[in-house]
Amino acid sequence: MGKFDKRFTADDLRRMRKVAGKTTLEMAKLVGVERGTYENYEKGVSKFPYEYFEVWCDACGINLNPLREQILALRDKIDDAKLWRKSPTPRDKPTKEGSRK
(Lines give C-alpha, C1' and ligand atoms only; values in the text may rest on other atoms or scores of the structure.)
Protein backbone atom coordinates (compact mmCIF):
# COMPACT_ATOMS: atom_id res chain seq x y z
CA MET A 1 0.00 0.00 0.00
CA GLY A 2 1.13 3.55 -0.73
CA LYS A 3 1.66 6.27 1.76
CA PHE A 4 -1.59 7.90 2.90
CA ASP A 5 -1.76 11.58 1.96
CA LYS A 6 -3.58 13.42 4.74
CA ARG A 7 -4.22 16.62 2.80
CA PHE A 8 -7.53 17.25 1.11
CA THR A 9 -7.05 17.81 -2.60
CA ALA A 10 -9.02 19.30 -5.46
CA ASP A 11 -9.77 15.74 -6.60
CA ASP A 12 -11.26 15.01 -3.18
CA LEU A 13 -13.65 17.94 -3.61
CA ARG A 14 -14.68 16.59 -7.00
CA ARG A 15 -15.22 13.10 -5.56
CA MET A 16 -17.34 14.48 -2.73
CA ARG A 17 -19.51 16.43 -5.17
CA LYS A 18 -19.94 13.57 -7.62
CA VAL A 19 -20.87 11.03 -4.95
CA ALA A 20 -23.43 13.53 -3.58
CA GLY A 21 -24.90 13.91 -7.07
CA LYS A 22 -24.37 17.69 -7.15
CA THR A 23 -23.38 19.86 -10.10
CA THR A 24 -20.59 22.40 -10.00
CA LEU A 25 -23.23 25.13 -10.26
CA GLU A 26 -25.12 23.78 -7.24
CA MET A 27 -21.94 23.61 -5.19
CA ALA A 28 -20.86 27.09 -6.28
CA LYS A 29 -24.21 28.49 -5.12
CA LEU A 30 -23.95 26.69 -1.77
CA VAL A 31 -20.48 28.10 -1.17
CA GLY A 32 -21.40 31.53 -2.52
CA VAL A 33 -18.93 31.82 -5.39
CA GLU A 34 -19.17 31.93 -9.16
CA ARG A 35 -19.25 28.60 -10.98
CA GLY A 36 -15.87 29.26 -12.62
CA THR A 37 -14.30 29.96 -9.24
CA TYR A 38 -15.68 26.72 -7.85
CA GLU A 39 -14.46 24.79 -10.88
CA ASN A 40 -11.00 26.27 -10.35
CA TYR A 41 -11.04 24.83 -6.82
CA GLU A 42 -11.84 21.38 -8.23
CA LYS A 43 -9.15 21.70 -10.90
CA GLY A 44 -6.55 22.73 -8.35
CA VAL A 45 -6.00 26.06 -10.13
CA SER A 46 -6.98 27.97 -6.99
CA LYS A 47 -6.69 26.91 -3.37
CA PHE A 48 -10.05 26.65 -1.70
CA PRO A 49 -10.62 28.60 1.50
CA TYR A 50 -10.88 26.28 4.48
CA GLU A 51 -14.08 27.93 5.69
CA TYR A 52 -15.81 26.49 2.61
CA PHE A 53 -14.81 22.95 3.52
CA GLU A 54 -17.54 22.61 6.15
CA VAL A 55 -20.13 23.74 3.61
CA TRP A 56 -18.83 21.16 1.11
CA CYS A 57 -18.99 18.43 3.73
CA ASP A 58 -22.51 19.35 4.80
CA ALA A 59 -23.72 19.53 1.18
CA CYS A 60 -22.15 16.16 0.41
CA GLY A 61 -23.42 14.37 3.51
CA ILE A 62 -20.04 14.05 5.23
CA ASN A 63 -20.41 14.14 8.99
CA LEU A 64 -17.82 16.30 10.72
CA ASN A 65 -19.34 15.82 14.20
CA PRO A 66 -16.89 13.08 15.32
CA LEU A 67 -14.00 15.45 14.55
CA ARG A 68 -15.72 18.34 16.34
CA GLU A 69 -16.33 16.14 19.40
CA GLN A 70 -12.68 15.12 19.53
CA ILE A 71 -11.54 18.75 19.32
CA LEU A 72 -13.96 19.77 22.09
CA ALA A 73 -12.59 16.96 24.25
CA LEU A 74 -9.08 18.35 23.71
CA ARG A 75 -10.29 21.73 24.94
CA ASP A 76 -11.42 20.05 28.15
CA LYS A 77 -7.93 18.57 28.61
CA ILE A 78 -5.93 21.73 27.88
CA ASP A 79 -7.46 25.15 28.36
CA ASP A 80 -6.49 28.16 26.26
CA ALA A 81 -4.41 29.73 29.03
CA LYS A 82 -2.00 26.76 28.97
CA LEU A 83 -1.56 26.95 25.19
CA TRP A 84 0.07 30.35 25.07
CA ARG A 85 3.16 30.36 27.22
CA LYS A 86 5.99 32.70 26.42
CA SER A 87 8.87 30.95 24.78
CA PRO A 88 12.25 32.56 24.23
CA THR A 89 12.94 33.98 20.81
CA PRO A 90 16.36 33.50 19.23
CA ARG A 91 17.16 37.09 20.26
CA ASP A 92 16.45 36.27 23.92
CA LYS A 93 18.76 33.29 24.02
CA PRO A 94 22.21 33.89 25.45
CA THR A 95 25.04 33.79 22.93
CA LYS A 96 28.65 32.77 23.33
CA GLU A 97 30.85 35.59 24.49
CA GLY A 98 32.14 37.67 21.64
CA SER A 99 29.61 36.43 19.08
CA ARG A 100 27.12 38.78 17.52
CA LYS A 101 23.76 38.09 16.02
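## Aromatic pairs and a nonpolar patch

Tyr52 is buried, and Trp56 is buried too (under 20% relative accessible area with a 1.4 Å probe, protein chains only; over 50% is exposed, in between partly exposed). This is a predicted model, in which local features need pLDDT of at least 70, side-chain atom pairs count only at pLDDT 80 or more, and totals for chains, interfaces and linings use all residues. Residues are numbered from 1 along each chain as its sequence is written, and side-chain values use heavy atoms, leaving out hydrogens and water.

**Aromatic pairs**

- Searching the whole structure gives 7 aromatic pairs (rings of Phe, Tyr and Trp, the last by its six-membered ring, with centres within 6.5 Å; planes under 30 degrees apart are stacked, over 60 edge-to-face, the rest tilted).
- Phe48 and Trp56 are edge-to-face because their ring planes stand at 85 degrees, with the centres 5.1 Å apart.
- Tyr52 and Trp56 also make an edge-to-face pair, at 6.0 Å centre to centre and 75 degrees between the planes.
- Phe48 is buried, as is Trp56.
- One aromatic cluster takes in Tyr38, Tyr41, Phe48, Tyr50, Tyr52, Phe53 and Trp56.

**Helix H4**

- Helix H4 (residues 50-59) holds both Tyr52 and Trp56, 4 residues apart, about one turn of the helix (helices are DSSP runs of H or I, at least four residues, numbered from the N terminus).

**Helix H5 and the surface**

- Leu74 sits in helix H5 (residues 65-77).
- Leu74 counts as exposed because its relative accessibility is 53%.
- On the surface, Leu67, Ile71 and Leu74 form a nonpolar patch with about 270 Å² of accessible area together (Shrake-Rupley method, 1.4 Å probe, only the protein chains shown counting as cover for residues).
- Patch residues have over 30% relative accessible area and no salt bridge, and nonpolar side chains (Val, Leu, Ile, Met, Phe, Trp, Tyr) are joined within 5 Å, like charges within 9 Å; a salt bridge is a side-chain nitrogen of Lys or Arg within 4 Å of a carboxyl oxygen of Asp or Glu.

Conventions:
Helices (H or I, at least four residues) and strands (E, at least two) are DSSP runs, numbered from the N terminus.
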